[in-house]
Amino acid sequence: MTAQLINGKDLSQQIRKNIKEKASQLTEKYRQPCLAVILVGEDPASQVYVRNKVKSCEDCGIKSILQRLPADSTEKEVIDLINALNQDKEVDGILVQLPLPKHIPEQKIIETIDVAKDVDGFHLHNVGALSCGLPCLKPCTPHGVIKMLESANIDLEGKLALVLGRSNIVGKPMAQLLLEKNATVILAHSKTRNLQKLTLQADVIIAAVGRPLFLKAEMVKPGAVVIDVGINRNSEGKLCGDVDFENVKETAGFITPVPGGVGPMTITMLLENTLIAAENSFQKKGKSMTNQTYALLDVVKNKDKLIPFDHLDEESFNPAILELIAKVKETTNGITESKSAPSWNNIIDKLDDAEENLNFGWTIISHLNSVKDTPQLRKIVNELLPSISELYSWLGQNEELYAKYKELRDSDAGKQLNKTRQRILERQITGFVLSGAELSKEDKTKLSAINEESSQLSQKFSENLLDCTNDFSLYLPEETTQLEGVPESEKQLFKQQAQKEGKEGYKITLHMPNYLPIMQYAADRDLREQLYHAYSTRASEFSPAGKDNAPIIERLLELRSQEAALLGYKNFAEVSLVMKMADSPEEVIKFLRELASKAKPAAKKDMEELLKFAKDDLKLEDPKAWDLTYASERLREKKYSYSDQEVKQYFTEPTVFKGLFGLVEKLFGIQVEETKAPVWAPEVKYFVIKDKAGKEIASFYADLYAREGKRGGAWMNDQRTRREVNGKIQTPIAYLVCNFSAPVGDKPALLTLNDVETLFHEFGHGLHHMLTKQTDLSVSGIADVEWDAVEMPSQFMENFVWNWDIIQSLTSHVETGKPMPKKLFDKIVAAKNFEAGMANVRQIEFALFDMLLHCDYDPTTCTVQEFLDAVRKEVAVVFPPKYNRFANSFSHIFAGGYAAGYYSYKWAEVLSADAFSLFEEKGIFNSEVGQKWLTEVLAVGGSRPAKESFKAFRGRDPSPDALLRSYGLLDR
């Protein structure tokens, strides 16, 4: 055989086209990216390398600054030059050409370079981040090698890779990058014993030993991949690598030439790192044409103005939060030391002022960490979490402050407060008890430590899941047959993703807009299995070292159990329910099991039908977990003669938004308008909400598309809460975040029916936050709404998607512009309860697992996985393979505040379905009913118990009948 060449020169040219375009965009928006190159001495080879790097910069639109120093320069002179370049705000990257003269210590010189400008990726901080699997500037040669392997569609998972060479520049980081790709790695060198025996076992060999023609044909397994990193001179003075190319190419399956192999890719990765460093710099410094940046403390002091997201100074984040924390403590001490009679103004209002400022600043940081994760932001969050946790433990356990609250409650002034403020006082006093205010000093210390460790573990849980999601990429060639069945629009998205990296063919990730279409439509069973395995094992023992969430789960459960014991409860579930609608874990468990008893028979029928169809029509004798979504979509198409893809063509994003806004305008008498505002990503949109008189009453940001560095899922979060400040109303602002497929080409984004429901759901949360009429911070919007009722307004909004009059306003075909035809809508409605039994027991499984886990789990008798398996045995009809690690990605209960609270979705679904049935009775656009929903539910926020709000709207206690009917589980 003759090996297939992996041509680094051609690949680098493809990537450099994208680099040039990106450099042009950055130049237009900010300034030209800049790389400073330092050459010490007159080494001929170094001069050639530097010349190539400088020319490559010029070719790609990157400014280069060449700094030459004589060979006899002192260590101090080199360091002084680097320090000057570190301080130069116009320089994004710094490269010191190696080797240096022997009297200058190379590693010390490398460590002098600002880590953010270390575009060679040699700084210990970048090396450390790489070894921990964190985002960083990656060493150029190893990164280039990985790109070359990917371009040849070489799957490294499970392969044995041997790195021949142990340098800090190539060998060691190369091994780390291969491990990230789930290869098994051996790090060897020229004197390794039995080296040939090892090389003959290797599927991939990276030769970086620095010895001419060292790797011989007899050392290479037939068909192996051989990457030659070496640059040497042979006995004739000609350029050669570490590999005996002419002979090895007859044995290997793939091989890189020298020159024209790794060398061009090393320089290309250097250019790529320079652009990354430039972008990070622009984002960090908030650079614009005016060079203006805003410190976080100044932003907090001006909450009435929009946040300058594109000009925030991240270096100000840490000191600002620490100062705001200090202000909360100072305010608290002032309250507790005051001799004045307690009043609402001198206790609640004062503390609200200080805490609101802190929460406003912290929300900016945590929001950016969720939608635009970077090493710098992650570092800031992890540095501040202990201080945030310590503050709230200190506040909640402050006996003097607790006494002030009780004194106010029991005083004449307290008894004269309105019902809302009396409720606030009672709920906050209960909060003090749950925070440990009545514990001994020793137990308070224990509880504080538990809170701090828990917050750090939850953050790490999220980081691990995000990293494992981002790290997976599957590249398929243009001519692949593996995407048969996948809709053209999704294939165009995959192609667009590959093109952004300078690659041909397709790039598939684990983000939902990639993952779900493969599971639904890809006829290739092996491809489905590959993605299913990758998705269902994220953040598990199958992930890179340090990314397994299982130990985090065990420790979180242990800490929660300890917390419950300290507070005098039998388990954490009891602690969780103190502030919720449900009275006890037993009540919740009974509720879930009663739902399961009604849903499981239907789920069994669904499953039987699906398995029969898979066997008879798809010829799948033994359907596996990765077959079920595919088979389900085919069965839906057969039964109802439509596919999700067909429906998707009608849900163009602009039309969906127009229809959604038209609906709420009719129901609630408001207007929604898009306007300009500073944003954190170019695709983010900003909208204002006005009342009938045209007065602005609220606003929100919409960040709709999935992207790398953005946490998965969908959520609404508050940026600013409605409140009366100095006699004026502070208007609320919300973040509305989803992970839909981005637009492809010049066409608008297309949403699935599920996407539309998700949008309505999150907008329901947003309306709850934004249309509140409360002026006390503690109960405004969604604040202090019982957790198991907070989903009611969001799930309520989902119901509108299933109405024919509404659907006409939401749809316009991407090609024809026509609304969805009634015939297709009728098919969708007929299929609404398609596999509803299976969908219901799946949610019940999650909720029951969560509640029982926080009631009964004993790590001495079983593992979390075994506990989940037992729950599945009780309620589930789908049983995934043993390697599935669902719990390791169950962010809701381990990183999202839903611990012993996931049942809230089902609990609130009963409320929302019953509430919506009044619209069904009175008319879907009935403005009187809409105003009643606004005034009795949305406007009251947490000012009264959610059960009272429901009863005020519906005129009676909630009934599950409407929900059961909607799922076809109860006869009409």
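I shall start with a definition: a residue is called buried under 20% relative accessible area, exposed over 50%, and partly exposed in between. Please also bear in mind that this is a predicted model.

Leu239 lies in strand β10, residues 239-240. Together with Val48, Tyr49 and Ile231, Leu239 makes a nonpolar surface patch of about 310 Å².

Which residues form the positive surface patch? They are Arg166, Lys172, Lys191 and Arg211. Of these, Lys191 sits in the loop between β6 (184-188) and α8 (195-199). Lys191 has 71% relative accessibility, so Lys191 counts as exposed.

Asn739 belongs to strand β20, which covers residues 733-740. Because its relative accessible area is 12%, Asn739 is buried. What lies 2.7 Å from a polar atom of the Asn739 side chain? That is the backbone oxygen of Gly713. The backbone oxygen of Arg711 is also placed by a polar atom of this side chain, at 3.0 Å.

Arg423, in helix α17 (residues 419-435), has 14% relative accessibility and so counts as buried as well. Between the C-alpha atoms of Arg423 and Asp914 there are 26 Å, with 491 residues separating the two along the chain.

My last topic is backbone geometry. As background, most residues other than glycine have a negative phi, and most peptide bonds are trans.

Two peptide bonds deserve mention here. Leu98 and Pro99 are joined by a cis peptide bond with omega of about 5°, and Pro99 is in the loop between β4 (93-96) and α4 (106-112). The bond from Val258 to Pro259 is likewise cis, omega being near 0°. Pro259 falls in the loop between β11 (254-255) and α10 (262-285).

As for phi, Asn182 has a positive value near 65°. Asn182 is located in the loop between α7 (171-180) and β6, and with 33% relative accessibility it counts as partly exposed. Lys619 has a positive phi too, near 60°. Where is Lys619 found? Its place is the loop between α24 (585-616) and α25 (625-640). Is Lys619 buried or exposed? Its relative accessible area is 63%, and Lys619 is therefore exposed.

Thank you for your attention.

Notes
Residues numbered from 1 in each chain as written. Predicted model: local features only at pLDDT ≥ 70, side-chain atom pairs only at ≥ 80, totals over all residues. Heavy atoms only, no water. Patch = residues over 30% accessible without salt bridge, like charges linked within 9 Å, V, L, I, M, F, W, Y side chains within 5 Å. Areas by Shrake-Rupley, 256 points an atom, 1.4 Å probe, with all protein chains shown as cover. Salt bridge = Lys/Arg side-chain N within 4 Å of Asp/Glu carboxyl O. Lys, Arg positive; Asp, Glu negative; His and termini not counted. Charge placed at Lys NZ, Arg CZ, Asp CG, Glu CD. Helix = DSSP H or I, 4+ residues; strand = E, 2+ residues; numbered from the N terminus. Buried < 20%, exposed > 50% of the residue type's maximum accessible area, 1.4 Å probe, protein only. Polar contact = N/O pair within 3.5 Å; in protein donor to acceptor, adjacent residues only side chain to side chain.
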